[in-house]
Amino acid sequence: MISQIGSIAISLAGGLIFSSFIFLGLYNKSKNNDYLEVAERAILATCYSIFLALFCLLNELLISNFNLQYVAQYTSYETPVFFKVTALWAGQAGSLLFWTFITALFTVTYIFTTLNKMRKLKFHSYLILAFIFSFFILLSNFIANPFEPVSSDIIVQNGNGLNPLLQNFFMAIHPPILYVGFTGSAIIFIMALAASISKDISFEWIQSIRRWSLFVWTFLSAGIILGGYWAYNELGWGGYWAWDPVENSSLMPWLTLTAFIHSSMIQEKRGMLKKWNFLLATSTFILVILGTFITRSGIISSVHSFTAENLGPMFFTFLSLLILYTIFWFLRRKSYLDTPDKIDSFSSREGGFLYNNLILILMCFTIMWGTLFPILSEAWDGNKIYVGASYFNQLNIPIGLILLFLMGIGPLLSWKSTSKSVLFSRFKLPMILSFFSGLIYIILSGSFQLYVFVAIMGVSFTLSSILGEFYKSYKKYNRSSNFFSSVIKMFLSNRHQNGGYIVHIGIVLLFIGFIGRAFEVEKEFSLSPGEQIYFSNYVFKLNSIKSEARDNHYAFLSDIDVVDSDNQLLTNLKPEKRIYFYWNSDPEKRQPHSELDIYSTIQKDIYSIFSAYDAQKNIGYFKIMINPLVNWVWIGGVLMVIGSLFAFWPSRRRSK
Amino acid sequence: MNKVTTSILIIFILIVGWVFYLTNIKKDDSLTVRYYSISELASEVNDIKKIKVGGYIKPNSIKISEEDQLEVSFFVYQNKDSVEVNYYGIRPDLFKDDAEVVVSGSYKNSLISATELQTKCASRYEGDLKNIEKI
């Protein structure tokens, strides 16, 4: 019953969105505002029927209605309630509906807040919204319908259940957070296009689009970092980033959006760079759709498989239409977007932002080139050539290091231009500190690695320059005697700027984590209980291997003592080898899983994997990795999110 | 165009050139690897230094060494063709019959010595429903 309602709801959404096109057409002919009003209501009604459809699907998942293909495939009676909810986005059909659902949430917010203030943008916003909706609703209705019943000649006794690998809190929340970022970029796309087409770029508009961008950026960043965190803690290859096409396609829009957040500041302050900003704002959403196309078409081999054959051409068509539409309006509004002002000095705030944009776009370009290279090279001469992680590292490490220094330089530059003497006095201290930290590295470390050297100098340069800025504004607010109250006053005084600085500190901490990667070591070995092995200044002693049958799996538990160079017991690691579905008579249906154990400190992680167990000989096979500074990546990530929320959070009205 | 825009343009062009150089001219270098389909390999007689192959693990072809559990050999197939792969190291958890894998390594005497073995990330359970009863 409920599933029929859901099914009807998505059909209804299709009809409603179609009718909105008709009313928009009528409005365009007659300019009668009533038609626009009706179109708006049709779009809102579309959103509401999508809400309804989603709640119907949620209901079916919760009550385990295995008459639906989707419910039977991703849940079972044993699936915990929390993971029944997260099954909403575990598969193709559900995740598409979920994507549409978040778009609908944003649409309602956009109509009731932003468009209420900027009525002139309504017509073109609705037109683009209707186009985007009709694409996704089309998919949900005809190609990946989550309410598809199982074939009529079978009865499903129990569903398949969710993969144990995905039954992890961070994995469960990582997709929706990323989806919020992805779909939110659609609003930025719509705002940029609608304002340019209706020639109504106002100060209010630029402030509003910047707020949307910060919001979207927060979620994109959080989603990317959480994905890395999950991979590191769950997948057992000891890293958090592998330059996989799927990861790259979430990073590309992040880079263009970051560029937009910076360069739109120039437009806000000086009305410049309108064309450039238009391109950044629109390309973010286009890159999101490109990424979705890459991940859902299976055109590039990736370790993440979402492959469903019939979605590739659909997404490609959608992508092409978006690009053509954007280019068409960009060319038609070129003269409107032209600004007479030019940036007149290298050493100005605007110049700093421009370098930052250049660097971010270069990164985006190199990543896109590397990701699409198999397709491009195959089109060129028939050879499908993949570029490895070494390509991305070789290109992006130097570019990233320049970015690191720029984050320290930019905030110290004044608008329009900065005189040489001012420049020198501002950069004196950061430069000295950076020089000394580089010197300390050379003295203390036995070997010299250029990138590590430069990165250490960059970290201390940028960190000291940002902290210096904080100190300067702290002195301004030091009137009250209490230290804490003046610090709080200082932070609240200029939220945008201080939030930005906090984000920058977060990124500097990320770089500290990245430096650690240069010092990673690993070893694979086999041990019998009682034996020990020496590796990287630690002794690893295997005490025992036990086995245990648990609720939904069978586990082999190892017990390893880690002894440091002072002969002190540092920690005890208990990585497990688990077999899910071990009761299944068909060994192919059993699912082994390595449960890691990580000893994590602020300096380094000791990462242990129990990879195989030879029961006859009683030998365990292990892999140990020493990963320095990994925790700084997560700390930096949290700080990035806090900083951007701080900048985004609406300031209290100053009225008294 | 003024100084700033010109210089930025020049930097941009230089780096774009560098990217082209890295990916195109140094094709056999450590940066790139050519993807071969298994049917292509079937007719390949020469040795290949670096290779990347994707396919499915042939059922019942996984042989784990008695001496060392980390040593394994198996066949990867696609349609009718297949190729033998040797690998030493930790295997991913999803490594089993009919799992989709991507291996990279070198190709010699119709045998791939893999240095890297990846299974497709388990985004979900694919395939048919398991606990069903036909009416």
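This is a predicted model: local features need pLDDT of at least 70, side-chain atom pairs count only at pLDDT 80 or more; totals for chains, interfaces and linings use all residues.
Helix α14 of chain A bends by about 30° at N396(A), a kink that comes shortly before the proline P398(A).

**Helix α14**
- Helix α14 of chain A covers residues 389-409, which amounts to 21 residues.
- From its first C-alpha to its last, α14(A) reaches 30 Å, and this is close to the 30 Å expected at 1.5 Å a residue.

**Domains of chain A**
- Chain A is divided into domain 1, residues 1-162, and domain 2, residues 519-632.
- A distance of 45 Å separates the C-alpha centres of domain 1 of chain A and domain 2 of chain A.

**The cavity**
- One cavity of 30 Å³ or more is found when the whole structure is searched.
- The largest cavity holds about 50 Å³ of space.
- Three helices of chain A, namely α7 (169-197), α9 (245-270) and α10 (274-297), each contribute at least two residues to the lining of the largest cavity.
- The greatest contribution to the lining of the largest cavity comes from α10(A), which gives four residues.
- Residues lining the largest cavity include A192(A), S196(A), W205(A), F260(A), Q267(A), K274(A), N277(A) and F278(A).
- Also among the lining residues of the largest cavity are I201(A), A281(A) and L337(A).
- Sorted by class, the lining of the largest cavity comprises seven nonpolar, three polar and one charged residues.

**The hairpin of β6 and β7**
- Strand β6 (residues 553-563) of chain A runs antiparallel to strand β7 (residues 569-573) of chain A, and four bridges join the two strands.
- Within this pairing, D561(A) has N572(A) in β7(A) as its bridge partner.
- The hairpin formed by β6(A) and β7(A) has five residues between the strands.
- In the turn of this hairpin, N567(A) has a positive phi of about 65°.

**The hairpin of β10 and β11**
- Strand β10 (residues 597-600) of chain A pairs with strand β11 (residues 604-614) of chain A in the antiparallel sense, over four bridges.
- The bridge partner of D597(A) is S608(A), which lies in β11(A).
- Three residues connect β10(A) to β11(A) in a hairpin.

Notes. Residues are numbered from 1 along each chain as its sequence is written. Chains are lettered from A and ligands numbered from 1 in the order in which they are written. Side-chain values use heavy atoms; hydrogens and water are left out. Domain bounds come from an automatic or database domain assignment. Two strands pair if DSSP finds at least two bridges between them. On a 1 Å grid over the protein atoms alone, a cavity is a set of points where a 1.4 Å probe fits but cannot get out, and a pocket is an open set with protein on both sides within 12 Å along at least five of seven lines; lining residues have an atom within 4 Å of a point. Grid points are joined across faces, edges and corners, and a volume is the space filled by probe spheres set on the points. Ala, Val, Leu, Ile, Met, Phe, Trp, Tyr, Cys and Pro count as nonpolar, Asp, Glu, Lys and Arg as charged, and the others, Gly among them, as polar. The expected span of a helix is 1.5 Å times one less than its number of residues. The bend at a residue is the angle between axes fitted to the seven residues ending there and the seven starting there.
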